[in-house]
Amino acid sequence: PWMDEFFYKAIDTLMATKSLVIETTRMGIVKSGLSQLVGCQHKAQFAIGLIRGFGSYLGEAARVEFAKDIYHMTGVRSPDPKNPLDCYFDANRMGLVQHQYEASFDLTVEELQGHPMIQTVEVQRNLATLQAWVEGPT
């Protein structure tokens, strides 16, 4: 039911922004959106999938506004309305949870060389979007 209710409206909302940062076809947009929706069981999970899949075509400011539109459209509430992109769906809590930066001051040089990325909120957000594209359907 969410496909009919929200998927096509989300595409129309995306196209209405006229702010796409890369050129693509409608089919490319559809595939990107679908790639983030694999296995969705909850409306909040579906909403964040729409935001990640379609929002990836937008710059930061337009993506924030797009996320707000999707939350409004779906009736899903962002854990932090001021930072609507910085959350993920937690299956244990059955809802959206805000990404949290956890500083690790006990990293060794070897750990930094093996995984030199600091897990800031922005990095966590981007990794969550990329995860569906890298891992694919499970």
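Q: In which loop does Lys18 lie?
A: In this predicted model, phi of Lys18 is near 55°, a positive value in a residue other than glycine. Most residues other than glycine have a negative phi. As for its place in the chain, Lys18 lies in the loop between H1 and H2.

Q: Is Lys18 buried or exposed?
A: A residue counts as exposed when its relative accessible area is over 50%. Lys18 has 74% relative accessibility, and therefore Lys18 counts as exposed.

Q: Where is Met94 found?
A: Met94 is not a glycine, yet its phi is positive, at about 60°. Because its relative accessibility is 49%, Met94 counts as partly exposed. Met94 is found in the loop between E1 and strand E2 (95-98).

Q: Which element gives the most residues to the largest nonpolar core?
A: The largest nonpolar core has 28 residues, and those with the most contacts inside it include Phe7, Leu50 and Phe54. Two or more residues come from each of helix H1 (2-17), helix H2 (26-35), helix H3 (43-55), helix H4 (60-74) and strand E1 (87-90). The element that gives the most, with 7 residues, is H3.

Q: With which residues is Tyr71 in contact, leaving aside its neighbours within four places in sequence?
A: Tyr71 is among the residues with the most contacts inside the largest nonpolar core. Apart from neighbours within four places in sequence, the residues in contact with Tyr71 are Ile48, Ile51, Val76, Ser78, Pro84, Cys87 and Leu96.

Q: What pattern does the chain follow along the sequence?
A: The chain has 6 helices and 2 strands. Read along the sequence, their pattern is α-α-α-α-β-β-α-α.

Definitions and conventions
Residues numbered from 1 in each chain as written. Predicted model: local features only at pLDDT ≥ 70, side-chain atom pairs only at ≥ 80, totals over all residues. Heavy atoms only, no water. Core = buried A, V, L, I, M, F, W, Y, C linked by side-chain atoms within 4.5 Å. Buried < 20%, exposed > 50% of the residue type's maximum accessible area, 1.4 Å probe, protein only. Helix = DSSP H or I, 4+ residues; strand = E, 2+ residues; numbered from the N terminus. Contact = heavy atoms within 4.5 Å.
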